[in-house]
Amino acid sequence: MDDGKRTTCTNKLSKIILLFLFLSLSGLVLLLHNISSVENLNCHTISALYQLQTRLQSSMTAGLPTFHHNLTYCTQLGQKPTAEDELEEQYLLHLLSWPLFPPRTGLLPLRLTSDPVHSMFTILPTKRGMEWRVGDQLEALVQMHDFQGRPKHYGGDFLLARLHTPEIGASVAGVVLDHKNGFYSALFPLLWEGPAIVEITMVHSSEAVAVLKRLQDERPDRVFFKSLFRLGLLSETTVCNMCLPDEQRPLCNYTDPHTGEPWFCYKPKMLNCDTRVNHAKGGYLKHIVSDKEALLFQSGVNLKVYIGSSGANKVIVLPFNKDEPDNGSVYPEQFKASPSGYYYEDSWRPFGDITMRQFSDAAAVTRCLSNKMIYMFGDSTARQWFEYLTTFTPDLKEFNLSSPKNVGPYMAVDSDNNILLKYRCHGPPIRFSTVLASELRYVANELDGLSGGPNTVVVLSIWSHFSTFPMEVYIRRLRHIRRALVRLMGRAPGTMVVIRSANLQAQEEEVSLYNSDWFSLQQDTIIKSMFKGLDVLLVDAWEMTLAHHLPHHLHPPPEIIKNMIDMLLSYICP
């Protein structure tokens, strides 16, 4: 073949190769464009190359499942309870029984519901008249009225009571008894001398409590969750929850194999269940109550509002007189208020077999925690304790685990004093921003992995993220944790376990539908009852926030946290 022909063939071959490369590149571009178009069309997949986070909440809520308000659906998930478990659950639910307003009346107009402004309380005299001494019990009688000023004739209102003397930083939580006829008794032990002021607050009317009860039973979806699934360039986000209707689309089942705790996500359309990357709070459902029901949750009107007194709102408490017989009310009650402690000079003074110590400097904290391993499990109220200790004690150096802010897990070490402090959030439901799927751990399983022993302290604070679920769900979770604690203390005697109970928090109109103090009160009752009789120690966050003069907050202010930490350290170093 001559040079001319060879050159012609080479040119033709080059053109064919260039044409092939051009067609290949065009095909690749077209393929990527089609993938992008499909992702944009179905609103479920997003390129992980450009955005790992999920769609906006507005697009998420558009695809949320429709719940059929099955009262037992959530409660029947998980492992089948034993006969003993069922009996305990019935007992616990009975403890939570709440007088609801007569169902035959239906939803009342606002003017016929409880009004704290028209309601009033009266301090009742004692057997010796209007004279009180340290050791007596003070009783205030509350009468509820509606917005028209007419007396209520049924109970169910959620009231709080405290007795305080601001000048000396003294205060104690009261106990409220519902007589189910519109009258309530607020009872207080008299623990210090001098003037003492009675304070009564209506958190919710009985009509509002009925709405909260309905939401608790029927709408576990009012806080929804999501997970990101990713494989290569493809990613999808789907809705997750403890109880999802399975008739709408296939589910991914992430039920824990050890505890049986259920958790589900809707299966992605294009990816498998094992491609899940993370877990996150999706958001809060809106418009879950009617306009008429929303009127029952108005700040400054009928949501956490003080009730005034019809006469004096304070008494003068005289010194204790050991020679006088017991002085009770002229309307004696069998019930006696028995708080877990009280404040004096702004310091918590617990009752029982504990001497409260003040740990006012970092050196004292370090001495107490030397040679200790402290494991904290729970929600952000447990994380707050971790953050307090690492801030207050400079020698506790936080080890960088590259954990997301406010999520964890966290670890701090003081190698010179042999101190290890760790925090890990509990398993779902958890409302944190984003938690890696690999970091989702159930507390019961974590406890089973601890060696334990006399130098080990376990701290648990698990309540806030369960407020939107039926109480049976919370009982089930605590039951698994309790069993794990029994196993831990059995194999490692001397392991110290400290439980932090629920606390009061700020109540705004919409927030109260998800995080009402009424839900927290139920959780506080359950956690105290379920761990009673075990060798565990309690930090009564409910009473410590109720009795204190500072405003309520999900994360209590430093003054209260210091008292909680002082109590924790007093347990560790009596």
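## Salt bridges at a glance

There are 27 salt bridges in this structure, which is a predicted model. A salt bridge here is a side-chain nitrogen of Lys or Arg within 4 Å of a carboxyl oxygen of Asp or Glu.

The model's local features need pLDDT of at least 70, and side-chain atom pairs count only at pLDDT 80 or more, while totals for chains, interfaces and linings use all residues. Residues are numbered from 1 along each chain as its sequence is written, and side-chain values use heavy atoms, leaving out hydrogens and water.

Let's start with Glu 88 and Arg 482, whose side chains form a salt bridge at 2.6 Å, N to O. Glu 88 sits in helix H3 (residues 83–95) and Arg 482 in helix H9 (residues 471–491), so this pair ties together parts 394 residues apart in sequence. (Helices are DSSP runs of H or I, at least four residues, numbered from the N terminus.)

Glu 88 is buried at 19% relative accessible area, and Arg 482 is buried too, at 15%. Buried means under 20% relative accessible area, exposed over 50%, and partly exposed in between, using a 1.4 Å probe and protein chains only. Both residues belong to a salt-bridge network that also links Asp 85, Glu 89, Arg 479 and Arg 483.

## One turn along a helix

Lys 528 and Asp 524 pair up as well, at 2.9 Å from N to O. Both are in helix H11 (residues 517–530), four residues apart, or about one turn of the helix. Lys 528 is partly exposed at 24%, whereas Asp 524 is buried at 4%.

Technical notes:
Helices (H or I, at least four residues) and strands (E, at least two) are DSSP runs, numbered from the N terminus.
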